[in-house]
Amino acid sequence: TEVTPPVDTRGELVANGSFEFEGIFPADENGVQSVREIGSSVIPGWSTTDAELVWVKNNNTFGAATPYGDYSLELTGYHDRPPYAGVTQTIRTSPGVRYRLTLALGSNADYPSAGGRKQVSVTAGAAGKLITFDPTDTPGSGNEWKTFTFHFTAAEETTVITIRGVTAGGGIYLGLDNVSVVEAPLDLVRLTLTGIHFGADGFGFTLGGEGHEVWRIEYSDDLRTWRTIESGVSVGTEFVDTDPVRVARRGGLYRVLTE
């Protein structure tokens, strides 16, 4: 079972990012609560979107459990088919300030059809990202969680954060927990090129360095307009641009940005 430690919550902007509940939880016979009303605010700090979801307490009959407190969300709900549910919250931000949004996605290989790929779409104002979790699905591994990060720069004094379920493997169980947003000013990073690929099939390079683990590659042929051509490039992984137009041009510029 892979468990990522909770993020540092100093300066936390999200209310109830782990979907906790105080008092007597109104669970059904399975130890969960189905939230059917779209726009419901029954989960403290959050409103629901798109479809029915299940609010999960760890001692449930399905075996779904989170390491981040006693509660989590299951975005496929009892309906177990698209559209899946989502949640949204408006947080206070400062225009021009960079923030880090962190969330954890969960899977459970020990429950039938509850493993497989998990995907959610995340938006923070006008910025957005599709986040994908491919669990190991090792039999007997039980609940598996992984934390993901998304950076955005605020444009307003408030920012709407929305997380929606997209893909749920076999069709059931898409766990969500431990949502966090904190300020994240750019840190000093050391980036090196540990390898260069230059051939008829394309141009590429391998990144090395310290201070950051995931990068985005952008391209421009005029220094004015940049577009992303690859995201999620890890340190030590070779990136090769095989686009035939850019390969034939043998020109243009690449830049590397943190994700």
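Over which residues does pLDDT stay under 50? In this predicted model, that stretch is residues 1–9, for which there are 19 contacts beyond four places in sequence. Where pLDDT is low, the coordinates should not be read in detail. For the protein as a whole, the mean pLDDT is 87, and 90% of the residues reach 70 or more.

Now turn to the charged side chains, where the structure holds 5 salt bridges. One of them joins E218 to R255, with N and O 2.8 Å apart. R255 sits in strand 17 (residues 253–258) and E218 in strand 14 (residues 214–220), so this pair ties together parts that are 37 residues apart in sequence. E218 also meets R216 in a salt bridge, at 3.1 Å from N to O. Within it, E218 is buried, at 7% relative accessible area, while R216 is partly exposed at 22% and R255 is partly exposed at 32%.

Another salt bridge links R117 and D134, whose closest N and O atoms are 2.8 Å apart. Here both partners come from loops: R117 from the one between strand 6 (98–108) and strand 7 (118–124), D134 from the one between strand 8 (127–133) and strand 9 (143–153), so the pair ties together parts 17 residues apart in sequence. D134 is partly exposed at 46% relative accessibility, and R117 is partly exposed at 40%.

Finally, look at the surface. L193, I196 and F198 form a nonpolar patch there, with about 370 Å² of accessible area together. I196 belongs to strand 12 (residues 190–199) and is exposed, with a relative accessible area of 61%.

Methods
Residues numbered from 1 in each chain as written. Predicted model: local features only at pLDDT ≥ 70, side-chain atom pairs only at ≥ 80, totals over all residues. Heavy atoms only, no water. Patch = residues over 30% accessible without salt bridge, like charges linked within 9 Å, V, L, I, M, F, W, Y side chains within 5 Å. Areas by Shrake-Rupley, 256 points an atom, 1.4 Å probe, with all protein chains shown as cover. Salt bridge = Lys/Arg side-chain N within 4 Å of Asp/Glu carboxyl O. Helix = DSSP H or I, 4+ residues; strand = E, 2+ residues; numbered from the N terminus. Buried < 20%, exposed > 50% of the residue type's maximum accessible area, 1.4 Å probe, protein only. pLDDT = per-residue confidence, 0-100. Contact = heavy atoms within 4.5 Å.
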